[in-house]
Amino acid sequence: MIDKKIIRYSGYDSRYKIFEGSDLDIELAIDQAGQLVERVKNITTYLEDYFDFPIIPAKEVSYRFGTPRFFSFILSEGPIGNQPEEEIDGFINLVFNNKLKEKELRSHSQNCPEAILFGYFKKSSKN
């Protein structure tokens, strides 16, 4: 019997390691496990746990006209049409949805009467 050793690159710690082999096909096992785990459909609920966006002023309006305008961030799966309330004058809507077409978002933006800036993340999941 020939004793073979394989050198593998380990991405998580950026190192090459000697791999002597096993009866388990690791790549196949990972693929099979991936089929059992349900894909996250709406990542915005998870993102909100990690980001706390401040309310930001629209500076150009303030120094041109002397009237402060404040915008709040909203993470969502689709474009919003919320009406600003109280001290908020508008929104910055960060949209995370791979199924949403850019054309649909542009159409929504053109027909939206509210002061909403849309940020569209085209590759919000790794395929």
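Is Phe-53 buried, partly exposed or exposed, and what is its relative accessible area? Phe-53 is partly exposed, at a relative accessible area of 33%. Here buried stands for under 20% relative accessible area, exposed for over 50%, and partly exposed for what lies in between, with a 1.4 Å probe and protein chains only.

The model is predicted: local features need pLDDT of at least 70, side-chain atom pairs count only at pLDDT 80 or more, and totals for chains, interfaces and linings use all residues. Residues are numbered from 1 along each chain as its sequence is written, and side-chain values use heavy atoms, with hydrogens and water left out.

**The sheet**

Helices (H or I, at least four residues) and strands (E, at least two) are DSSP runs, numbered from the N terminus. Two strands count as paired if DSSP finds at least two bridges between them. An open sheet is formed by four strands in the order E3-E4-E5-E6, and its pairing is mixed. Strands E3 and E6 (116-121) are at the edges with a single partner strand each, so one side of each has no neighbour in the sheet. Helix H4 (residues 102-111) packs on the sheet and touches E5 and E6, where contact means heavy atoms within 4.5 Å. The direction of H4 makes about 175° with that of E6; axes are lines fitted to C-alpha atoms, for helices over the stretch in contact, and angles run from 0 to 180 degrees between N-to-C directions.

Strand E4 (residues 70-76) has five of its seven residues buried, so the rest of the structure largely encloses it.

| Strand joined to E4 | Bridges | Direction |
|---|---|---|
| E3 (residues 56-57) | Two bridges | antiparallel |
| E5 (residues 90-96) | Six bridges | parallel |

Pro-57 has Phe-70 of E4 as its bridge partner, and Phe-73 is partnered by Ile-92 in E5.

**The aromatic rings**

Rings of Phe, Tyr and Trp (its six-membered ring) pair if their centres lie within 6.5 Å; planes under 30 degrees apart count as stacked, over 60 as edge-to-face and the rest as tilted. By this rule there are four aromatic pairs. One of them, Phe-51 with Phe-53, is stacked, at 5.6 Å centre to centre and 5° between the planes. Phe-51 is partly exposed, with a relative accessible area of 46%. Ring pairs join Phe-51, Phe-53 and Phe-73 into a cluster.

Asp-52 lies in the loop between helix H2 (44-50) and E3, and is exposed at 76% relative accessibility. From C-alpha to C-alpha, Asp-52 and Phe-73 are 9.0 Å apart in space and 21 residues apart in sequence.
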